[in-house]
Amino acid sequence: MNRLVEVGLNKGNPKRLGADILVLKDNYEEVFDMYVHFRELNIYPMVCTFIPCGRTSIERQRKRFDVTDEMKIALWNKIYEWNAEHGIRFEGVSPFAGGHVCTQLRYALYISIRGQVYGCPGELFHIGAMVGKGKRTLKDIWEGVSKNRKYLCEPRIKSISLPKELETKVLEVMKEKYSGAIEGDE
Ligand code: SF4
């Protein structure tokens with residue numbers, strides 16, 4: 001990372017570098033500082049919790065590394081407060097703390113080679129089949145799924161990787177302290 005910065009790859013807009021920061025028990029205390037550090041370097045910080053995919057589709061595995069709901073809510077609040085103090089526009093509560101909202105949910109589909117259709121990510125959320133009994137066209141399956149309007153990652157919420165009350169708790173803080181920052185936001 002230092003070398004990339006040395007040669008100036010962190011300069012310019014839109015950003016060209018990003019840092020994927022997974023929130024874990026082991027690094028929890030450092031995450032906020034990393035977020036600020038990368039913001040100051042003009043590197044996009046992507047602070048997120050597990051997605052239920054691969055090994056972490058097993059709840060037991062997630063629990064080994066995951067932090068509590070309270071810790072996640074506190075971290076999200078701290079990051080959004082920092083954003084508000086530094087003039088970073090609030091788009092809505094994102095699964096990527098302080099970052100852009102996810103616009104893929106319900107628009108990005110995973111289609112298996114067996115004609116099964118899943119929502120994001122992986123094979124956890126079956127939403128239809130293009131083969132066999134009850135088969136439908138991909139267009140029908142896609143149009144029949146309720147569109148995500150809140151942009152918070154449903155797979156993460158359903159798998160307890162993001163707290164259900166994250167959005168309301170963060171909005172409470174944002175409305176109370178930084179109403180200007182969320183004006184006009186739905
Ligand atoms: S729905 Fe969740 S897992 Fe899928 S792209 Fe969005 S943030 Fe990522």
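Start by selecting N42, in the loop between α2 (28–40) and β2 (44–48); helices (H or I, at least four residues) and strands (E, at least two) are DSSP runs, numbered from the N terminus. This is a predicted model, where local features need pLDDT of at least 70, side-chain atom pairs count only at pLDDT 80 or more, and totals for chains, interfaces and linings use all residues. Residues are numbered from 1 along each chain as its sequence is written, and side-chain values use heavy atoms, with hydrogens and water left out.

N42 isn't a glycine, yet has a positive phi of about 65°. With a relative accessible area of 23%, N42 is partly exposed (buried means under 20% relative accessible area, exposed over 50%, partly exposed in between; 1.4 Å probe, protein chains only).

Next, jump to I160, in the loop between α6 (154–158) and α7 (166–177). Phi is positive here too, near 65°, and I160 is partly exposed at 46%.

Now for two prolines. The peptide bond from N13 to P14 is cis, with omega near 5°, and the one from C120 to P121 is cis with omega near -10°. Look for P121 in the loop between β4 (116–119) and β5 (126–129).

Buried or exposed: which is F96? F96 counts as buried because its relative accessibility is 16%. Beyond neighbours within four places in sequence, F96 is in contact (heavy atoms within 4.5 Å) with M46, V47, C48, Y80, C102 and R156.

Last stop: the ligand. Residues surrounding the ligand (a heavy atom within 4 Å) include F96, C120, P121 and R156.
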